[in-house]
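Subject: Structure handover

Hello,

Here is the structure for your files. My notes on it come after the sequence and coordinates.

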Amino acid sequence: GAPHDLAVAPGRRELWVTIDGSPAVEIRSATSGALLARPSLPPAPHDVAIEPGGRRAWFSNWLSPLLTVASVARREPLGRATAGDEPHHFAFGGGSLWASDNAGGELLRIDPDSRRIRGSTAVGPAPHHVAVAGRHVLVAVHDSGELAVVSRDGRLQRRLEVGAGPHGVAALQL
């Protein structure tokens with residue numbers, strides 16, 4: 001299948017790439033693009049995020065409530081967690097993993113160590129990409145045409161109209 005998402009493993013010069021329709025993830029050299037490994041991390045990795053310390057990689061799974069956690073060093077699964085109805089995209093910040101629940105219309109705040117949900121915030125239909133921006137978490141809410149702004153304690157602060165079908169969001173930390 002085609003590549004879908006990627007994350008850079010800090011300090012390792014590796015790209016972790018999810019492949020549409022495949023239980024495998026490609027790990028490639030960030031400098032040459034050479035394939036280094038192709039571990040199987042079923043059921044169907046969709047989005048990937050690597051913890052700031054670089055120890056663990058997190059994957060959402062297409063059409064599933066499951067998250068897969070893998071060891072970056074050993075390139076193998078460490079466990080799974082259930083989060084909402086269909087978590088899609090992630091961002092780390094404020095000691096939490098923030099995940100959009102595409103089917104549930106929520107932003108989930110997850111404890112990366114216990115893999116338990118700390119809280120959820122209703123943000124609107126079909127939330128997609130998430131970014132942490134200082135003391136706020138931003139969520140592109142595809143079906144409402146909005147950007148939801150959520151505080152780090154999980155309170156919806158405001159909604160900004162951004163136009164039809166937003167998918168991605170990024171925040172630059174200066």
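The notes below go from the whole chain to single residues.

This is a predicted model, in which local features need pLDDT of at least 70 and side-chain atom pairs count only at pLDDT 80 or more, while totals for chains, interfaces and linings use all residues. Residues are numbered from 1 along each chain as its sequence is written, and side-chain values use heavy atoms, with hydrogens and water left out.

Whole chain

The chain has 16 strands and zero helices. Both are DSSP runs numbered from the N terminus, helices being H or I with at least four residues and strands E with at least two. Along the principal axes, the C-alpha atoms fill a box of roughly 45 × 30 × 30 Å.

Of the 174 residues, 51% are buried. Buried means under 20% relative accessible area, exposed over 50%, and partly exposed in between, with a 1.4 Å probe and protein chains only. The chain exposes about 8100 Å², and carbon and sulfur atoms supply 50% of this area; the areas come from the Shrake-Rupley method with a 1.4 Å probe. Among contacts (heavy atoms within 4.5 Å) between residues at least 6 apart in sequence, 34% join residues at least 24 apart.

Strands count as paired if DSSP finds at least two bridges between them. Strand 13 and strand 14 run antiparallel and are joined by five bridges, with alanine 131 opposite leucine 138 of strand 14. Their hairpin has two residues between the strands, and glycine 134 takes a positive phi there, near 65 degrees.

On to the next pairing: strand 14 and strand 15 (residues 146-151) are antiparallel over six bridges. Valine 141 has glutamate 146 in strand 15 as its bridge partner. In this hairpin four residues lie between the strands, and glycine 145 has a positive phi near 70 degrees.

Backbone exceptions

Most residues other than glycine have a negative phi, and most peptide bonds are trans.

- Proline 42 and proline 43 are joined by a cis peptide bond with omega about 15 degrees; proline 43 sits in the loop between strand 4 (35-37) and strand 5 (45-50).
- Arginine 75 has a positive phi near 55 degrees. It is found in the loop between strand 7 (66-71) and strand 8 (76-82) and is partly exposed, at 22% relative accessible area.
- Alanine 126 has a positive phi of about 60 degrees. It belongs to the loop between strand 12 (117-122) and strand 13 (127-133) and is buried, at 13% relative accessible area.

Proline 77

Proline 77 is part of strand 8 and is partly exposed, at 38% relative accessibility. Leaving out residues up to four places away in sequence, proline 77 touches Ser40, Leu41, Val69 and Ala70. Its C-alpha atom is 9.6 Å from that of tryptophan 58, which is 19 residues away along the chain.

Regards
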